[in-house]
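Morning, everyone. Please have a look at the model on the screen, and then I will walk you through it.

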Amino acid sequence: MPTLADLIFPGGEPRDGNILRLELVGTWETQFLGLGRLTAFLTPRLLEEAYAADDMGLYVVFLQRHRVEVGLKLILERMGTTAVGSHNIDTLWNRCDQASTEAHLSSQWDAFDRAQQDFVYLLDRVDPGAATFRYPVDLKNQPWKRGQVDLVELEKAGAAFQNDLLALVREAAAAEPMPIAEEEATEVAEELRSLVGRCRSLMRTHREIAEDFFQ
Amino acid sequence: MDAMRALNPSSRKRLPDPRRAGVPEFEALAEVTEPLASSVEGLLERVIDTYEVELAPPSAPRPIDPAPRLTPFDPPARQAEARKAQIEWFVDHLVREVRPLTEAVDAVCSRSKSWETPVARQIHLDVTRFRSRLLRIGTT
């Protein structure tokens, strides 16, 4: 008879759609994108479908703050620096600034800084230790001063942060060593192009089927 | 009481659920397909630029035939025929897309297994995850 641990954390091949394959999502980029997908998924649904969503929405605010922290750690990874084990946004921001200079991406960082510093530091001010929206009281057992939050505006700003950050890390990708040798370049390029083409063809067919068949 | 009823989420306007618009597995796959294509394309451009690769021009995409139409005033037998034709059209197009896509995914999945740098490793993991979603469609 399977134990509770076997049921909740099963080994072997995923047995059905309930299983999360977490070994495939253990990177800064995936976790960053996952947070963005989750907040985009939750924000409109909580507001439209849930009765008195404040108690659930509280955690969405934390997720938005967490998205910023994970995003900054993604920058550090892509700039070739070890992600620091800190939740402190100010520390992470300064490390990113320094790492961008070392990676010769100062101008790209400056553009990101101009576009996103206000948002990042706003979240840092309201939740400096990543605990304000997770627990009802602080370490001295005092209630937080949390006020009100507009989840839709927060999601808009979070999504803009994500877009700008991904543009920055795409610039950093160019500095990464190539994963293949020159002699396999043509073969690899053909495989990559075939995959891109097939993905786009699927999207096109999907759009046309949705327009033509399901309407 | 009316005020309480107005607050009841079940009586409020619901958002359309994207997973229920068509075939749910297909919808879920489509959501991640373009981001995957973009990141693979980024690496493709780097490979082409770095090693000055010259690829033959790609073949033109196959056109999609229009779906067979249902005509509301047709007799029931003709409507049943048209419905059958629509389902066949849908399955044909799905198979036509998914089979070569699976082959392309398998090739990159296997090729990228040993890639270790962060961006390249990310592509491997994304393609692997995408592959298992494709396999779910294949068994639907």
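Along its sequence, chain A reads α-α-α-α-α-α-α. That is seven helices and zero strands. Both are DSSP runs numbered from the N terminus: helices are H or I with at least four residues, strands are E with at least two.

A word on the source. This is a predicted model: local features need pLDDT of at least 70, side-chain atom pairs count only at pLDDT 80 or more, and totals for chains, interfaces and linings use all residues. Residues are numbered from 1 along each chain as its sequence is written, while chains are lettered from A and ligands numbered from 1 in the order in which they are written.

Back to chain A. Its C-alpha atoms fill a box of roughly 65 × 50 × 45 Å along the principal axes. The chain has 215 residues, and 30% of them are buried. Buried means that 20 or more other C-beta atoms lie within 10 Å of the residue's own; 12 or fewer is exposed, in between is partly exposed, and C-beta atoms are placed from the backbone. Now take the contacts in chain A with a separation of 6 or more: 64% of them join residues 24 or more positions apart. Two residues are in contact if their C-beta atoms, placed from the backbone, lie within 7 Å.

Next, domains. Chain A is assigned domain 1, residues 23–176, and domain 2, residues 180–215. Such bounds come from an automatic or database domain assignment. The centres of the two domains, taken over C-alpha atoms, are 31 Å apart.

Now helix packing. How do H2 and H6 of chain A pack? H2 (residues 28–49) and H6 (residues 151–173) meet at an angle of about 165°, and their axes are 10 Å apart. Axes are lines fitted to C-alpha atoms, for helices over the stretch in contact, and angles run from 0 to 180 degrees between N-to-C directions. H2(A) and H6(A) are therefore roughly antiparallel. The cut-offs: under 35 degrees is roughly parallel, over 145 roughly antiparallel, 65 to 115 roughly perpendicular, and the rest oblique. The crossing of H2(A) past H6(A) is left-handed. That term applies if the near helix is turned anticlockwise from the far one by less than a right angle; clockwise is right-handed.

Who makes that contact? H2(A) brings A:Gly36, A:Thr39, A:Ala40, A:Thr43 and A:Leu47, and H6(A) brings A:Leu151, A:Val152, A:Glu155, A:Gly158, A:Ala159 and A:Gln162. By class, that is five nonpolar, five polar and one charged. Nonpolar covers Ala, Val, Leu, Ile, Met, Phe, Trp, Tyr, Cys and Pro; charged covers Asp, Glu, Lys and Arg; the others, Gly among them, are polar.

A second pair: H4 (residues 89–102) and H5 (residues 106–126) of chain A. They pack at about 180°, with axes 11 Å apart. That makes H4(A) roughly antiparallel to H5(A). Among the contact residues are A:Trp93 and A:Cys96 of H4(A), and A:Trp109 and A:Leu123 of H5(A). The whole contact divides into six nonpolar, four polar and three charged residues.

Now the loop between H5 and H6 of chain A. A:Ala130 sits there. Its phi is near 60°, a positive value in a residue other than glycine. Is A:Ala130 buried or partly exposed? Partly exposed, because it has 18 C-beta neighbours inside 10 Å. Leaving aside neighbours within four places in sequence, A:Ala130 touches A:Arg65, A:His66, A:Glu69 and A:His87. A:Ala130 and A:Ile89 are 41 residues apart in sequence, yet 9.2 Å apart in space, C-alpha to C-alpha.

A:Asn141 is in the loop between H5 and H6 too. Here phi is near 65°, again positive in a residue other than glycine. A:Asn141 is exposed, with 7 other C-beta atoms within 10 Å.

On to chain B. It has four helices and zero strands. Its 140 residues are 21% buried. Among its contacts with a separation of 6 or more, 49% link residues 24 or more positions apart.

Last, the contact between the chains. It takes 49 residues from chain A and 55 from chain B. On the chain A side, the elements giving two or more residues are H2, H3 (54–78), H6 and H7 (185–212). H7(A) gives the most, with 24 residues. By class, this side of chain A has 23 nonpolar, nine polar and 17 charged residues.
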